[in-house]
Amino acid sequence: MIGWLQQLGRTGLGVFERLGRGHLFLAQILASLPSLLTRPRLVIVQVHSVGVLSLVIILVSGLFVGMVLGLQGYNTLVDFGAEESLGVVVALSLVRELGPVVAALLFAGRAGSALTAEIGLMKATEQLSGMEMMAVDPIKRVIAPRFLAGFLSMPLLAAIFSAVGVMGGYFVGVGLLGVDSGAYWSQMQDKVDLHEDIYNGVIKSIVFGFVATWIAVFEGHDAVPTAEGVSRATTRTVVHTALAVLALDFVLTALMFGEV
Amino acid sequence: MDRIRAIEVGVGLFVAAGLAALFVLAMQVSNLSAMSNDQGYEVVARFENVGGLKVRSPVSVGGVRVGRVSAIDFDNETFEAVVRMNIGNQYAAFPTDTSARIFTAGLLGEQYIALEPGGAEEVLKAGDQIQLTQSALVLEQIIGQFLFSKASEGSNTGGSDK
């Protein structure tokens, strides 16, 4: 009984310790962000590997998610003779929820895992220690540019996802199923509000980008410096980011749209 | 150096695509813009009540879409809604006594204007006004009228029984 309690206590302390280390690490990153202003090229290279290389998966998934929304929405709405509202269904689902959330999940899988593996491997091969030996701060040189790049890329990726999804819904709804093109756009423009929906979607994607990149760089930096440790850290990045994004999505949605 | 340049170009394209997507979402998806670039001529119709008609709603004849509503204004003197609609140039042979009605597509669907051509010799031109109009059906009004007629029917039969 005592042993079981001790085990529980140890686990709890471990969780809190990691949380604390994560926040201290975040504070260090934020403190070293201003030094990036003098070396923007570091960030640009990272935006390429984090953002540009994620573009293909975001474009393809966005298109297919939009097309599926178009099909499913049409099948439901046609029963009520309200298939003209298809544009509203597609655009609101994408802009409010699916765009930020699915883009963040894909981002965690495509870019977050790569960030963790890269930083973890740098730690395992003692490159980070080597930098410290040469009086180069690895947080300024390695971590901060990656963090900033992910933070900047995520809202852009989510916006691209939503826009492509709306086109996919248009393609299926108007092109294949015969919804009136003007009704698709006019109802969409009538119901989708710039402040209420689009700004809130962008805010969501900014928050998700922040959290996803933070988790990715922290897990990489905190990984046990062995092959197994890096592989575990990569898995943890994807799992924790998915959980954090979905939980935060509920909180943000409740704050933005719900009268809870 | 070429690699750096390729990376920078890639990042530039990515940022531009992201901003363009935001722009599309703001302009095309949301209610920020309601511009129409349809080529055609404009005719005006006055309605007592346009119901849920919106700018860019379809204008159709016999179920075929011939144009779109381009503007809905309110006339302060006659207290009527002034609907401007843009009709495609290929449909330029409507008689002047064409009538316009506002219908609903399906039970919950979008409202649209249905034109019914008359028999006059002369043809509607840009800026002309459609004289014969019928307002949108407002469900509450219909239910109200129905209840009213039912009630009066009930009192009538009650009276005749005596």
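In chain A, helix α2 packs against helix α6: L42(A), V43(A), Q46(A), V47(A) and V50(A) meet P145(A), R146(A), L148(A), A149(A), G150(A), L152(A) and S153(A). Contact here requires C-beta atoms, placed from the backbone, within 7 Å. By class, these residues are 8 nonpolar, 3 polar and 1 charged. Nonpolar covers Ala, Val, Leu, Ile, Met, Phe, Trp, Tyr, Cys and Pro; charged covers Asp, Glu, Lys and Arg; the others, Gly among them, are polar.

The model is predicted: local features need pLDDT of at least 70, side-chain atom pairs count only at pLDDT 80 or more, and totals for chains, interfaces and linings use all residues. Residues are numbered from 1 along each chain as its sequence is written, while chains are lettered from A and ligands numbered from 1 in the order written.

The axes of α2(A), residues 40–50, and α6(A), residues 138–176, come within 8 Å and cross at roughly 55 degrees. Helices (H or I, at least four residues) and strands (E, at least two) are DSSP runs, numbered from the N terminus. Angles under 35 degrees count as roughly parallel, over 145 as roughly antiparallel, 65 to 115 as roughly perpendicular, and the rest as oblique. The two helices are therefore oblique to each other.

Next, the interface. Chain A gives 33 residues to the contact and chain B gives 30. On the chain A side, α2, α4 (86–124), α6, α7 (181–191) and α8 (194–222) each supply two or more residues. Helix α7(A) gives the most, with 8 residues. The chain A side has 20 nonpolar, 8 polar and 5 charged residues.

| Contact of α2(A) with α6(A) | 8 residues | 3 residues | 1 residue |

Helix α7(A) is mostly covered, with 8 of its 11 residues buried. Buried means 20 or more other C-beta atoms within 10 Å of the residue's own. Among the buried residues are G182(A), Y184(A), M188(A) and D190(A). Their cover includes α4 and α6 of chain A, plus α1 (2–29), β2 (58–61) and β3 (64–75) of chain B.

Chain B itself has 2 helices and 8 strands. Its order along the sequence is α-β-β-β-β-β-β-β-β-α. Of its 162 residues, 25% are buried. The domain assignment, automatic or from a database, gives domain 1 (1–33) and domain 2 (40–143). The centres of these domains of chain B, taken over C-alpha atoms, are 40 Å apart.

Technical notes:
Axes fitted to C-alpha atoms, helices over the stretch in contact; angles between N-to-C directions. Contact = placed C-beta atoms within 7 Å. Buried ≥ 20, exposed ≤ 12 C-beta atoms within 10 Å, placed from the backbone.
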